[in-house]
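The sequence and structure are shown first.

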Amino acid sequence: QLSGVCPPPHLTSGCKQSPWFLECVALAEKKSDIALLYNVKKKVLAEFREAGITTIHDIIKLDIDAVHDTHPDISKKTLARLQLQAKSLIEHRHIVREPVALAQTSYEVFFDIEGDPLRDVEYLFGFLVRENGVEKYQSFLAKSPGQEKNMWQEFLDWIETLPVGTPIYHYGIYEVARINALEKKYGGSSALKKFQNHLIDLNELVKESIVFPLYFYSLKDIGRYIGYERSKKISGGGESVAFYEEWLATHSQKKLDAILLYNEDDVRATLVLKDWLMQASAQ
């Protein structure tokens, strides 16, 4: 700040786009600051700081009942989660809070959507199908914004072929939100309703069941932790959008191939995470 006083750090996923991100993380790590804890609101961090709770080591020593009595807006469940998060960071290991229970099926689908907010269009539906241990990548692509409706119809036709009860794994709320939006835009089907009813958000399962020694719980962050290696041709969703914009302008096949590879990485990472959750829960 202009006053010369350094404000306390506060890490969010949006910070990753800042040129000062690594410096901010380094500052928080040097102080073992409570900003390192995953998914804590700025208001809660401020309440902790006012109470003299400034490090993850302080969090470990919290008297949960006493803190809740003085700060009733912070639930005991949240305080218990934060203690586990602090323990995980200090000990550099993940902690299983609750075993993940998922049905074992011979046919599974892993799902990810790529969209361009600049044009309000979804341009790629990607799926990794695993049938009896054999994996196959399947994609539906809108090579131009005008082809979005055609892509949607191809997707609707394809899901008609899925076996009854097929689990559809994804990570985060984006897929659910965009499926709902496209259904309103172009119409749905009975097969789509079944598809929606079998969506399983691994992000929600992770938050309920596993504490990772990580500052962020994105699929990429967790993927690195569990050993999934990406192609790295595209670093994130924003770059995928940029590549799609370049594709529209130049029709460079290399850009399109990189977009498809990035999406395939996402669905493969989702599969690896699902398997990892099952194995971690069984230990």
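Where is Leu214 found? Leu214 lies in the loop between strand S7 (210-211) and H10. The model is predicted, with local features requiring pLDDT of at least 70 and side-chain atom pairs counted only at pLDDT 80 or more, while totals for chains, interfaces and linings use all residues. Residues are numbered from 1 along each chain as its sequence is written, and side-chain values use heavy atoms, with hydrogens and water left out.

**Overall architecture**

The chain has 12 helices and seven strands; these are DSSP runs numbered from the N terminus, helices being H or I of at least four residues and strands E of at least two. Its C-alpha atoms fill a box of roughly 60 × 45 × 35 Å along the principal axes. Of the 283 residues, 47% count as buried (buried is under 20% relative accessible area, exposed over 50%, partly exposed in between, with a 1.4 Å probe and protein chains only).

**Leu214 and Leu273**

Leu214 has 14% relative accessibility and therefore counts as buried. The C-alpha atoms of Leu214 and Leu182, 32 residues apart along the chain, are separated by 34 Å. The table gives the contacts of two leucines, leaving aside residues up to four places away in sequence; contact means heavy atoms within 4.5 Å.

| Residue | Residues in contact (heavy atoms within 4.5 Å) |
|---|---|
| Leu214 | Leu36, Tyr38, Gln85, Leu89, Asp221, Ile222, Tyr225 |
| Leu273 | Tyr171, Leu202, Val206, Leu219, Ile222, Ile226 |

**Packing of H10 and H12**

The axes of helix H10 (residues 219-226) and helix H12 (residues 253-282) come within 10 Å and cross at roughly 60°. Axes are lines fitted to C-alpha atoms, for helices over the stretch in contact, and angles run from 0 to 180 degrees between N-to-C directions. H10 and H12 are therefore oblique to each other, since angles under 35 degrees count as roughly parallel, over 145 as roughly antiparallel, 65 to 115 as roughly perpendicular and the rest as oblique. On the H10 side, Leu219, Lys220, Ile222, Tyr225 and Ile226 meet residues of H12 that include Tyr262, Asp266 and Leu273.

**The nonpolar core**

The largest nonpolar core has 42 residues, and those with the most contacts inside it are Phe212, Tyr217, Ile222 and Leu273. Such a core is a set of buried Ala, Val, Leu, Ile, Met, Phe, Trp, Tyr and Cys residues joined through side-chain atoms within 4.5 Å. H12 supplies the largest share of this core, 12 residues.
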